[in-house]
Each structure stands twice: as structure tokens, then as C-alpha cells.
Amino acid sequence: MPVFGRICVVGLGYIGLPTASLLGTKGYDVTGVDVSQKVVDTINKGEIHIVEPDLDVLVKSAVNSGRLRASLEPVIADVFIIAVPTPFKNDHEPDLSYVEQASRAIVPFLEKGNLVILESTSPVGTTSTCVGSILEESRLKVGEDVYVAHCPERVLPGRILVELVQNDRIVGGINEISTKIAASFYREFVSGDVYETDSKTAEMSKLTENSFRDVNIAFANELSLICDKEKINVWELISLANRHPRVDILQPGPGVGGHCIAVDPWFIIHGNPDESRLIKAAREVNDLKPQWVINKVIEEASKLSKPTISVLGLAFKANIDDLRESPSVYIVNKLVDQSIGEIRVCEPNIKEHDNFDLVDIDDAIAHGNIILLLVDHDEFRKILPECLKGKTIIDTRGLLKYN
Ligand code: SAJ
């Protein structure tokens, strides 16, 4: 078995940076690689470029101890971890270009006995046909000289550092020896159970987990449309239905955001269009929800002579600063485009935004005659009902008490 002393993490985003800094504080010698000079410089100063609870302390400690450094180029290592984005292109076709670039970047540094792990969420077959094939360019025998496995990240933004250690992991190699070696690496620092399988099952397992959540959120979102029409409070309905011992409905919202749940099901649909009818329908239900919210705002705004819409929340979910694929951003952009009224945007987790001037909560509440709540940030939970008197409330998260 190889000794996993030196680790090279390619991609220093929401998964790569927490992983690199965690390993740095666990005694590994870690080099983190990113294509952005700004990201590299920030991390080398012991600072961070993303918001995640306790990540600042972890990065500072790993960098100060000399166990973590960032670089534009990979280095020689025992383990390479690829944690780069896997978005989709216009027609929902998976875009593997970052995985390809990362795999190519490590080829010159590969040595016999190395382990290469793909953590990025990927379509079935990627570990073997994309990563494995590119690593063959090193002239080392993939699966014999170099071990390759997929171990999908499963951490929840907002709880990344806890879940990185505590979650169970699925490890699937391109062959049995790769699986065994990769699993033994994760067992060194994960307290959850590490399950061994093949790379295709590991890839599908990650896509299945996120599709499961997407389908269940779609059910809640569909209920919210039905309840609106039937004049039933969907939040009360769900909490009552969930009193049944075998019912556990998720919460409706303004749509599904983030770089995972709104993206990953398409990887299954793209590879299996005829078989993925339910998964596709769920994606469509969730993707239509932002437009439904926009229509609600238009309807309410048309009743006012001077509508001022105060939007509460831009992030894709509560208590994070991440705006990727955020339904709120989509909704606000459309409202601005359609000149529905004056728009004031409040997002307590970011300082500034390229397109919108941000206001604080007091300003948003005081000046808006329509309050559009899009994200259930903790700050918004504290809004007092008396501050909302006389205003039109469109609460997509069931958070505000205003009666
Ligand atoms: N949402 C709802 N209603 C709910 C739950 C979520 O509308 O009841 C919305 C959120 O507001 C958000 C979106 O869904 O817009 C996604 O949020 P999330 O908390 O469900 O998931 P992510 O995207 O932050 O993280 C998911 C997690 N996957 C699962 O829970 C199966 C996480 O464990 C994965 O590691 C992550 O995707 C990933 O990186 O793939």
C-alpha cells in the first residue's frame, strides 16, 4: 500500500478548499491548485475567497503550519484529488472540460503508485473513459501503475467541514485495486463508513442522491401551486401531512438553485432520455417555479400605483453567500427587465453585487410596499410582524409571520 503523505488537490472551490485545508490540519502535506492567481494569493495569505462556517480558521491554521500552500501548477504527490466544476452546456449536455483540463494538468507529475481521485459530480463513465483515458497519456498503466477512483463529494454547503469528516463515503475504482487503495485513503480521515463499489455505481450513486432530493422538492413545489389555487396554506398542510409516520415532505421554495441539485439530474437525463421521465418532469416543475413567483409579483404590483418591491435574499439557500444558479437572482433580473416597479434588494451575506445596489433589512422593510421573501436567512426570521403591517407579502419560504 502506498503512503499517502503528499496530496495535490486540483480546484480550490467549495469542495477543494475545505478538503485541502482539512487534510493540511490532519498532518498531510497539501498543495492546492487553482487556475485563478487571485485565489492562489488569497489562500497563501491564510485567507479565504468563499463563505463557509469555520473555513477561515481551518485555512489559516493549515497555511500557518506550513502544511497547505496554493499554486497555479500541480506538484509531484502521492494522491491527486480532482474537485473542479462539472456544469452543463446550453442544451443540458454535461460540460466535462474542467475535468479534462485538470486530468491533463496532472499528467506530467504522475508517478508509479499514485492514486488519482475524481470527486467532482460526473456523468456515469467519466472516471474511466475521461479521467482514466487522459492519464494514459503519462505512459503509465492506468489501473496498474496509477490507481483511479471516483469518490463523490456529498457535503452540504453551510455544514461542509462537519460533513467532510462525518458523512459516509462511496468509493468506486476503475478496478478492484484502485477501489481498495482509494478506500484506505478515505478511511484515514473520515469518521463515517467508507463503502466500496465500482466507479460507475459511485458516479450513479451521487446523481441518484441529488435527483432524489430534486424529485422530492418538486413534489413540494407542485403542492404549493395546487394549494395557492385552492387557498390552502401549504406550510400548514405539509406540517400536518408530515405527522404521518411514513410521510416526510420537503419544503416548497422559489425554485431549486445551487450548482448541484439543479444540475446533476440532467446528467442522468442526458444519458438516458427515454427512461428518465419522472426525473425530467421534476426538473421542469422546479425550473418553472421562479416564473410562477414572477407572475405573482406582477399580479400584486398591478394593484398598486407605485409598487416598490423589496426582495429579501439572493443566495440559493439559507445562510450562505453562494449565488450560483440561484432562483432569486433569476427572479430579480426578470423583475428589473420588465420594469415592474422600484426594486430594492437585501442580501445580508454579501457586501456588493455587480448588478444590484444592496440595501439593509431595515431599509428594505421600511421602503417596500411589496415584500418578496426568497431566502429563509436567519436574519429574516427576526422580522417583527408589526413591521410588515399594511404591506403585500409574497413569502416563498413560509417564513414571515404577518397576520
Ligand atoms: N430546497 C427547497 N426545499 C427543500 C430543500 C431545498 O426548495 O426542502 C432548495 C434550496 O433552497 C436550494 C436547493 O433546493 O435552492 C438545493 O439545496 P439543498 O440544501 O437541497 O442542497 P445543496 O445543493 O446545498 O447540496 C446538495 C446536497 N445533496 C443532498 O442533500 C442529496 C449535498 O449533500 C451535496 O453534496 C450537494 O448537493 C452537492 O455538492 O452535490
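**View 1. The shell around the ligand.** Helix α8, which runs over residues 199-230, gives the most to the shell around the ligand, with five residues. The model shown here and in the other views is a predicted one. In total, 21 residues surround the ligand, and the closest are Glu153, Val155, Lys206, Arg213 and Gln251.

**View 2. Polar side chains at the oxygen atoms of the ligand.** A polar side-chain atom of Arg213 lies 2.4 Å from an oxygen atom of the ligand, while for Lys206 the distance from a side-chain N or O atom to a ligand oxygen is 2.6 Å. Lys317 also places a polar side-chain atom 2.8 Å from an oxygen atom of the ligand. Of the 760 Å² of accessible area that the ligand has on its own, the protein covers 89%.

View 3. Helix α8 has 32 residues and reaches 47 Å from its first C-alpha to its last, which is close to the 46 Å expected at 1.5 Å a residue. The N-terminal end of α8 is capped by Asp198, whose side-chain oxygen lies 3.2 Å from the backbone nitrogen of Lys200. Just after α8, the residue Lys231 takes a positive phi of about 55°.

View 4. Lys280 and Glu284 both lie in helix α11 (residues 277-301), where they are four residues apart, about one turn of the helix. Their side chains meet in a salt bridge, with an N to O distance of 3.8 Å. Lys280 is partly exposed, at a relative accessible area of 35%, and Glu284 is likewise partly exposed, at 39%.

View 5. The side chains of Arg159 and Glu163 meet in a salt bridge of 3.0 Å, N to O. Arg159 is partly exposed, with a relative accessible area of 40%, whereas Glu163, at 12% relative accessibility, counts as buried. In another pair, Glu300 forms a salt bridge with Lys303, and the closest N and O atoms are 3.2 Å apart. Here Glu300 is buried, with a relative accessible area of 17%, but Lys303 counts as exposed at 56%.

**View 6. A network of salt bridges.** Lys180, Arg187 and Glu196 are linked in a network of salt bridges. Across the whole structure, a search finds 21 salt bridges.

Methods:
Residues are numbered from 1 along each chain as its sequence is written. This is a predicted model: local features need pLDDT of at least 70, side-chain atom pairs count only at pLDDT 80 or more; totals for chains, interfaces and linings use all residues. Side-chain values use heavy atoms; hydrogens and water are left out. A residue is near a molecule or strand if one of its heavy atoms lies within 4 Å of it. A polar contact is a pair of N or O atoms within 3.5 Å; within protein, one must be able to donate a hydrogen and the other to accept it, and residues adjacent in sequence count only if both atoms are side-chain atoms. Accessible areas come from the Shrake-Rupley method with a 1.4 Å probe; for residues, only the protein chains shown count as cover. Helices (H or I, at least four residues) and strands (E, at least two) are DSSP runs, numbered from the N terminus. The expected span of a helix is 1.5 Å times one less than its number of residues. A salt bridge is a side-chain nitrogen of Lys or Arg within 4 Å of a carboxyl oxygen of Asp or Glu. Buried means under 20% relative accessible area, exposed over 50%, partly exposed in between (1.4 Å probe, protein chains only).
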